[in-house]
Every structure is written in structure tokens, then in C-alpha cells.
Amino acid sequence: MTDEPDVPEQMRVRREKRARILASGGDPYPVGVARTHAIAEVKRTYDGVESGAETEDVVGVAGRVVFLRDTGKLVFAAIQDGEGERLQIMLSEARVGVESLAAFKADVDLGDHLFAQGVAGKSKRGEVSVFADKWAIASKALRPLPTLHKELSEESRVRQRYVDLIARPLARDTARRRAGVVRSLRESLHERGFIEIETPMLQTQAGGATARPFVTHMNAFDLDLYMRIAPELFLKRAVVGGIEKAFEINRNFRNEGADSSHSPEFSMLEAYEAYGDYDTMATMTRELIQGAATDVFGGTELELADGASYDIGGEWAALTLYGSLSEALGADVTPQTDLARLRQWCDAAEISVDPKRVSHGKLVEQLWEHHVGSTLHTPTFVRDFPVETSPLTRAHRSVPGLVEKWDLYVRGFELATAYSELVDPVIQRTRFEEQARLAAAGDEEAMRVDDDFLTAMEYAMPPAGGMGMGIDRLLMALTGLGIRDTILFPLVKPSDEAGA
RNA sequence: GCGCCUCUAGCUCAACUGGCAGAGCAGCUGACUCUUAAUCAGCGGGUUCCGGGUUCGAGUCCCGGGGGGCGUACCA
């Protein structure tokens with residue numbers, strides 16, 4: 001194994017060390033070590049010790065070696081644990097003996113997990129240290145660590161996130177912050193009496209959103225199945241059945257483009273509340289987000305990765321789709337504005353529209369996105385959408401041609417959306433049929449008629465508000481990072497060079 | 001999908017108009033009992049993403065392919 005020709009020198013050397021340890025009766029991968037203290041605990045406890053002083057407290061610590069310095073009869077090693085805390089280990093010939101120190105120098109590399117036992121104290125330079133009496137390799141690394149003083153290339157970061165997590169504090173923080181945000185959302189929803197349910201990811205037809213699905217196949221039933229594009233239609237079935245406040249935080253899959261704000265698999269929160277509407281959902285959404293910001297970032301004033309900062313506290317701005325578009329265009333746009341006029345504005349703004357999907361609603365939304373959406377940086381609710389593009393939303397209670405739907409925009413992208421849900425099964429059927437016509441005409445993202453869902457609706461769904469929010473995008477909004485940095489292991493195309 | 005940029009040692013990056021492929025860290029050998037990207041002496045390490053082509057000569061120029069980034073179009 002040590003004479004494979006293609007193995008780089010540094011890997012070859014580490015493999016030889018592993019073999020040597022085994023040959024001399026040692027164990028490069030012991031089942032455990034006698035760890036007594038976390039690194040942060042040691043640093044905290046002995047912070048008050050005088051420089052150069054040793055205590056009589058024996059501690060056992062373990063972590064990954066991230067720094068090594070051999071000064072002859074004294075060796076310094078810094079170990080790092082899962083929280084990114086570092087602790088200095090000092091190994092002196094006087095304490096461990098000539099032989100053990102020589103073995104340490106010969107066998108331990110940067111990247112190894114190391115265990116050390118000894119008294120806690122402080123070095124002459126004032127750094128909390130463990131003066132080791134004993135040491136052991138807790139796990140031998142066979143690959144060298146990257147340079148810890150330089151940023152890993154963007155590609156290496158996502159391809160080898162495990163290395164990124166070792167090397168880059170922000171990577172560790174982001175993983176923990178994401179966990180904190182998700183936890184905060186769950187707790188806030190639980191406090192409001194919501195019940196978390198899990199709905200199918202494998203579906204016989206992908207509904208609940210307009211998007212192209214991934215297709216897969218079930219062998220046992222010889223059946224083509226779709227990965228879900230949204231949990232909406234199943235969550236609503238649950239509401240019909242009496243789970244009046246239902247939510248799900250889980251993955252959706254959309255077979256579409258990938259860029260700095262789109263991932264083919266992404267996490268989404270959807271929540272439905274019987275006897276709520278799009279206004280109650282707006283309040284709840286704001287409180288969920290502000291709560292997550294407070295729980296994880298200590299408040300609603302956010303400092304972003306790109307240096308920008310903004311405050312998401314207080315009430316959020318609200319405007320209407322048609323009103324804000326009219327203002328931006330300097331002309332009245334209403335649900336009655338005809339297609340020809342909308343096309344002129346699209347041409348003027350050089351917006352190209354898929355000819356298979358041209359409708360009043362589609363053009364209005366594209367115009368709005370171009371002229372208004374990308375300019376909204378602080379959280380803003382955009383209210384009241386055209387009916388054609390919102391087949392699951394109920395008609396506006398006072399304005400004909402509109403539906404009760406809002407989109408929440410932050411930093412130029414859509415973070416969340418909510419409806420006063422359509423619960424009339426007869427209207428729902430005609431909406432589905434209209435979608436099916438679009439699909440037949442070539443619109444690959446249009447919905448299909450879901451008969452089982454319509455049957456459920458015919459048992460009567462209570463009036464309800466529903467909301468969907470992208471979890472990845474929430475992290476983006478709170479941190480300023482791109483979507484691939486908020487997802488720990490984003491999809492990457494295979495490359496022959498990655499790993500071995 | 002289209003356009004532009006990019007791929008060189010384990011990692012991060014150099015290499016002019018085509019002319020011996022280099023540095024820092026990391027590695028190996030040695031010195032040093034307070035280092036913390038230590039210092040000192042020495043030594044290794046390359047399919048320059050892959051496949052063709054032009055040329056006396058290609059990391060560099062041309063063609064094809066792959067990975068990555070940015071912009072643009074669509075979706076959240």
C-alpha cells in the first residue's frame with residue numbers, strides 16, 4: 001500500500017506512519033481516549049492562572065492538531081475541537097521522556113486527532129496550556145490539512161465541506177446558525193400550537209407549485225413517481241382532516257436552474273392555520289423571522305457577510321403589486337390592463353417571455369420583478385396578485401381579478417409567500433382545469449388536476465391562511481451568504497479530481 | 001441554455017511578446033526547552049483539467065471536451 005505510484009508524498013508519509021505505529025504495537029485509531037474536559041472549559045477555568053505557572057489539576061483533552069512547533073526538547077501543539085476553540089499542548093522532554101517525545105515528533109502530523117493528559121497551566125507567554133505527561137494519537141489523518149492561513153478556494157469549500165469546516169470559522173458558524181434558525185422556527189411554531197407533520201416526498205403527481213419536477217421510478221409497483229416540488233396539497237389535506245395548525249420543514253426538489261439563490265433541493269417551511277388568512281400569516285411570518293434573528297444573532301440588526309447591515313425589526317413595509325408597478329412605470333396598471341399594453345412595456349424593458357406562458361398575470365409579475373422586486377432590500381410585503389398565476393389562492397375579498405396573496409421580498413429576492421387559501425372545491429377544480437390546459441399547450445411547469453386533493457376539499461376545508469418560506473433563503477437574508485454557503489452539502493457536479 | 005473569465009506541487013498562488021515550471025505554507029533530514037504562518041542549515045515534491053493541432057520548441061497560441069466562477073434568461 002505504501003508503494004502506490006500515484007499517491008502524493010504527504011499521503012505516502014502519513015500512511016507509512018500509520019503502518020509504523022501498528023507495527024510497533026500502537027493503535028492509530030483507538031476506540032477511545034480519557035478525555036475529561038472540553039477545550040473551552042480548560043481555557044475558561046485556567047484563564048486566571050499566572051503566566052508560567054502550573055496548577056496541580058490533571059486534565060485529559062482531545063482535538064485536531066492545527067499547529068505544531070518543535071523547538072528541540074520542547075514541542076508545542078495546538079489542538080482544535082468541534083467548536084473551533086484551540087488549546088495549546090506543551091510536551092517537554094523533562095515530562096514525557098526522550099523516547100516519547102521522539103515518538104511524538106515522528107508520528108504526529110497536522111490534522112491528527114490528539115489526546116493529551118497533564119496539568120493545566122499557562123506558558124511563559126501567557127497562553128493557557130496543558131503540560132502533557134501522556135499523549136496518544138486519537139485518530140491518524142492520512143491527508144494533509146490545507147494551509148489554514150489562506151481561504152480555501154470556493155470550489156474546494158463545497159466539494160470538501162469537511163475540510164472547509166476544519167479550516168474556516170465562518171463555515172462552522174454558518175452550520176450552527178442554520179441549526180439555530182431552524183430550531184427557533186420550530187419552537188416558535190410549537191408555541192403557537194402548530195403541529196409538525198411529514199408529508200410525502202415521493203408523489204404520483206407533483207403539485208402545489210409551478211415548477212418542473214424530478215422524475216423517478218418505483219420498481220415494486222413499476223410506477224413513475226415525482227419528487228415533490230411542494231408539500232402544500234398534502235398539508236391542506238391534513239387541515240381538512242382536522243389538524244388545524246399544521247407545518248412542515250423539509251426538502252423540496254425542483255428540476256430547474258442552479259445559481260447563487262437557487263438549489264435543486266432546498267428546504268422550505270410551510271405552515272397552514274385554519275381560520276387564519278394572509279394577514280395573520282404576515283404577522284406570524286414577521287414574528288418567526290424576527291424571533292429567529294433574535295435567538296441566533298442576538299437581535300434584529302444584522303451584519304451581513306458582504307459588510308452591509310440592516311435592521312429587520314419593527315413593522316415591515318407593505319405595498320401592492322399593481323400599485324408599486326404603476327408607480328414604477330408612471331402609468332396605471334390594473335388587472336384589466338390588456339396584453340398588448342403589457343407586451344409593450346416588456347419590450348421596452350427587454351424582458352423576454354416564454355411564448356407558451358404568456359398571460360396577463362405572467363407579464364405583470366415579470367414587469368414587477370424587473371422594475372420593483374430587485375430593488376426591495378429591507379423586508380417588504382408585496383400584496384394582491386393576479387389570479388392566473390395563483391391557482392391555489394382565493395379571490396380577493398374586495399378587488400375583482402386579484403387574489404389574496406403576498407410575497408415577502410428581502411435583499412432583492414423572494415423569501416416567503418402566503419395566501420388566503422382557496423377552499424371552494426368547485427373553483428379549485430376550474431383552476432386546475434385551466435392549469436391542465438396550459439400544460440397541454442406546452443407549459444411544463446403548469447399544474448395538473450389532482451382529483452384526490454379535490455375530493456379532500458369536497459369534505460370541506462376550513463378557511464385558512466398558508467405560508468411558505470425558504471429556509472436557505474432565510475439564512476441568506478440573515479447572513480448575506482450565497483445559497484451554496486447556507487447549505488452544508490450542496491449538489492456539485494462530479495469531478496474526477498475530488499478526493500480519491 | 002447563452003456570453004465572459006478561470007483550472008499550474010497537499011493548500012493558496014506566480015511564470016513578460018511561445019524559450020530550463022517557481023514562491024509561501026505544508027512535507028522530509030538536522031539544530032534549538034516558550035513557539036504561536038518561529039529561526040537556522042540542507043533536501044525532495046508537477047500528466048500545468050482531459051484529448052487533438054500549430055511550432056525547432058506550448059502552462060502560454062488554435063480546435064473539441066470537462067470542472068468552477070460571474071453575468072444573463074427561467075424557477076423559490
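**A predicted protein chain with RNA strand B**

Glutamate 232 is buried, with a relative accessible area of 4%; here buried means under 20% relative accessible area, exposed means over 50%, and partly exposed lies in between (1.4 Å probe, protein chains only). Glutamate 232 belongs to helix H8, residues 232-240. Helices (H or I, at least four residues) and strands (E, at least two) are DSSP runs, numbered from the N terminus. Setting aside neighbours within four places in sequence, glutamate 232 is in contact with Gly208, Glu270, Tyr272, Leu392, Tyr419 and Glu421, where contact means heavy atoms within 4.5 Å.

This is a predicted model, in which local features need pLDDT of at least 70 and side-chain atom pairs count only at pLDDT 80 or more, while totals for chains, interfaces and linings use all residues. Residues are numbered from 1 along each chain as its sequence is written, chains are lettered from A and ligands numbered from 1 in the order in which they are written, and side-chain values use heavy atoms, with hydrogens and water left out. Chain A averages a pLDDT of 93, and 98% of the residues score at least 70; pLDDT is the predictor's confidence in each residue, from 0 to 100. The model has an ipTM of 0.92 and a pTM of 0.93.

Next comes the surface near the RNA. RNA strand B is surrounded by 50 residues, of which the closest are Arg69, Arg125, His262, Lys362 and Arg473; a residue is near a strand if one of its heavy atoms lies within 4 Å of it. By class, this surface has 22 charged, 15 polar and 13 nonpolar residues. Ala, Val, Leu, Ile, Met, Phe, Trp, Tyr, Cys and Pro count as nonpolar, Asp, Glu, Lys and Arg as charged, and the others, Gly among them, as polar. Helix H1 gives the most to the surface, with four residues. On the RNA side, 57% of the atoms within 4 Å of the protein belong to sugar or phosphate, and the rest to bases. A backbone N or O atom of serine 153 lies 2.8 Å from a phosphate oxygen of RNA strand B, and one of lysine 493 lies 3.2 Å from a phosphate oxygen.

In soluble globular proteins, nonpolar side chains tend to be buried together. The largest nonpolar core here has 40 residues, and Leu269, Trp406, Leu408, Met467 and Met469 touch the most other members. Such a core is a set of buried Ala, Val, Leu, Ile, Met, Phe, Trp, Tyr and Cys residues joined through side-chain atoms within 4.5 Å. Helix H9 (278-297) is among the elements that supply at least two residues of this core, and H9 gives the most, with eight. A second, separate core of 26 residues includes Tyr46, Val59, Val75 and Trp135.

Helix H10, residues 321-329, has Leu321, Tyr322, Ser324, Leu325, Ser326 and Leu329 as its buried residues. Their cover includes strand S14 (317-320) and helix H11 (339-348). Glycine 330 follows H10 and has a positive phi, near 70°.

Aspartate 384 has a phi near 70°; aspartate 384 is found in strand S15 and is buried, at 9% relative accessible area. Arginine 411 has a phi near 55°; arginine 411 sits in the loop between S16 and S17 and counts as partly exposed, at 22% relative accessibility.

Notes: Polar contact = N/O pair within 3.5 Å; in protein donor to acceptor, adjacent residues only side chain to side chain.
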